[in-house]
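What follows is a brief report on one protein model. Please look at the sequence and the structure before reading on.

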Amino acid sequence: MSDQVDPREERRSEKPGGSGAGDLAASPFRVDRDRIVASPFFARLGGVTQVVSASGSGLLHNRLTHSLKVAQVARAIAERLCTDFTPLLDKLGGCDPDVVEAAGLAHDLGHPPFGHLGEQVLDRLSRHRFGLPDGFEGNAQSLRIVTTTDIGGPSAVGLDLTAAVRGAMLKYPWTRLTHPDPHPRHMATPPRGASEPPDEPGTGSGKFSVYVTELDDMAQARAPFAGLAPWQQTVEASVMDLADDIAYAIHDLEDFHRIGVLQHAPVAAELGHWLDNALALAAQSDATLAAHARRPGYSLEQLRRRLHRRDAWVVDDDAFVAAVARVRAELVDGLLDRPFDGSVEAEQAVARFSSVWTVRLVDGMTVVMDPPTRSGHVLLAPAQWHEVQVLKFVHRRFVLLRPDLALHQRGQATLVTSLVEALAQWLTDRYETNRLPRRLQDLVELAEGEYHALARTDMSTLVGALGEPPRGEHGIRELARGRAVIDFVSSLTDSQAASLLDALTGRSSQPWSDAFVL
């Protein structure tokens, strides 16, 4: 019998396929799942919201419930694909339900306080305040946690997950600026997420899953998948990515319906007006649509045009019309026509909506050997793909863009900015060196070691926001302090961030303490 172990099971610090003394599961991928669930970074997600803080808006969903739903959907997709596409999946590197479930649980570990709003603020501060070449990205932070900053693995450096699970977490398997070379943002048709933000040219990819400090982890995680292009997701990453889209498109809408944020009238007007006037709206200029975007139907027409520009490989006007009609029938007329009142009937309507849509989307999955650049090997059938785009549009247009949420988020952005500045000042106060939070001290030492190692091997990766490498020991120390502050703040819950700022600014009369961060 061969002793050879599946390279997908390889870990950084243990024998391939091995488990630590505290691991209960026999399967290496189940061990990964258990380590993720036991992590304090995972438990913390219960206090991190996706849109706005629950304390400020009463919204029900958070990053923990979202991650559980993504893991559930990802496993369902994998189990279905393994029934119908096993030979092709094996050629592409495999698709294990335990792997995609673990990746679904871990994919949002790096999301900072206040969700995407916090992510944007920390990215801006990382690049412009601290000159960090990578900035901040929630996906890259998730990989950094499981490989570096968590201490739950046997070696107390990361969780020491298998290559397959780490590979499945890489939705965007590139760094912001440098790797792989040539960088995918320079491709004629860049992969989804690889393009530079149009309002920030020259800043690198808008989405990425790896910081330069974790390049070796990415290389080792991707080694069993040598047949894939450097910028392509593994099959398991593709499954997790689609599960994330489904959870975002369906389950978040449920929560906003429950609390009355998603209203029947405006959604019905938008979809209905577009369906009744599609030809007339198609004849309008882009400038006219932009000028009247708040009128019913105009924003949906803008979406149709964006899809044509961005995803010509799949977009089809007939399929788009059918998708809008289906969403109007099943979401607007089938769910939103009656306000949620907590009754059994209302709960059943929500459950029915979620079940019907989840089954429909999971059943629409297929696997292809040579996918378009903007898709993974696992992709939705055209009809379901268009439906997901319309569902996500409803979420963005009628929830994320609400002025009352913008007001709340501006306050949160100020909070995060003030907290980062206060911690950065504390780090440079030579009279307070011995009284810094121990966790923050540890993170400075960790980052300093990482940046010293990079400086010895490839100084170009440390070129900061101004296009200059760090200047000697002092420059590396400054980068390390910046990364440590960002690591520290991004590991807080919403309420921890607010409480810590209150303590640092003298607004709290109680000593602020939390074992996880201090």
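## Burial and the case of E101

A residue is called buried when its relative accessible area is under 20%, exposed when that area is over 50%, and partly exposed in between. The model discussed here is predicted. E101 has a relative accessibility of 12%, so this residue counts as buried.

The same cut-offs apply across the protein. Of its 518 residues, 55% are buried.

## Overall build

The protein contains 22 helices and 2 strands. Its C-alpha trace spans about 65 × 65 × 50 Å along the principal axes. The radius of gyration is 23 Å. A compact globule of 518 residues would have a value near 24 Å, so the two agree.

Among contacts with a separation of 6 or more, 72% join residues 24 or more positions apart. The exposed surface comes to about 21,800 Å². Carbon and sulfur atoms supply 53% of that surface.

## Helix α1 and its buried face

Which residues of helix α1 are buried? The helix runs over residues 28–38, and P28, F29, V31, D32, R35 and I36 are buried in it. Viewed down the axis of α1, these buried residues fall within an arc of 150°, so they line one face of the helix. An α-helix has 3.6 residues a turn, so residues three or four places apart point the same way.

## Salt bridges around R75

Side chains of opposite charge can pair when their charged atoms come close. The protein has 42 salt bridges. Two of them involve R75.

One joins R75 to E79, with the closest N and O atoms 3.1 Å apart. Both residues sit in helix α4 (residues 63–84), 4 residues apart, so about one helical turn separates them. R75 is partly exposed, at 24% relative accessibility. E79 is partly exposed too, with a relative accessible area of 40%.

The other joins R75 to E101, with the closest N and O atoms 2.7 Å apart. E101 lies in helix α6 and R75 in helix α4, so this pair ties together parts that are 26 residues apart in sequence. The E101 end is buried, at 12% relative accessibility, whereas the R75 end is partly exposed.

These residues belong to a network of salt bridges that links R30, R33, D34, R75, E79, D98 and E101.

Are the two partners buried or exposed? R127 has a relative accessible area of 7%, so R127 is buried. D123 has 10% and is buried as well.

## Aromatic pairs

A pair of aromatic rings is described by the distance of the centres and the angle of the planes. The whole structure holds 6 aromatic pairs. One of them is F208 with Y211: the ring centres are 6.2 Å apart and the planes stand at 65°, so the pair is edge-to-face. F208 is buried, at 0% relative accessibility. Y211 is buried, also with a relative accessible area of 0%.

W274 and F320 form another edge-to-face pair, with 5.2 Å from centre to centre and 85° between the planes. W274 lies in helix α12 (residues 264–276) and F320 in helix α16 (residues 317–332). The two are 46 residues apart, and their pair links distant parts of the chain. Both W274 and F320 are buried.

N139 lies in helix α8 (residues 138–149). At 9% relative accessibility, N139 counts as buried.

Which residues does N139 touch, leaving aside those up to four places away in sequence? They are H107, K171, Y172, K207, F208 and S209. Among them, F208 is the residue whose ring pairs with that of Y211.

Note on methods:
Residues are numbered from 1 along each chain as its sequence is written. This is a predicted model: local features need pLDDT of at least 70, side-chain atom pairs count only at pLDDT 80 or more; totals for chains, interfaces and linings use all residues. Side-chain values use heavy atoms; hydrogens and water are left out. Buried means under 20% relative accessible area, exposed over 50%, partly exposed in between (1.4 Å probe, protein chains only). The arc is that of the directions from the helix axis to the C-beta atoms. A salt bridge is a side-chain nitrogen of Lys or Arg within 4 Å of a carboxyl oxygen of Asp or Glu. The radius of gyration is taken over C-alpha atoms; the globule rule is 2.2 Å times the number of residues to the power 0.38. Contact means heavy atoms within 4.5 Å. Accessible areas come from the Shrake-Rupley method with a 1.4 Å probe; for residues, only the protein chains shown count as cover. Rings of Phe, Tyr and Trp (its six-membered ring) pair if their centres lie within 6.5 Å; planes under 30 degrees apart count as stacked, over 60 as edge-to-face and the rest as tilted.
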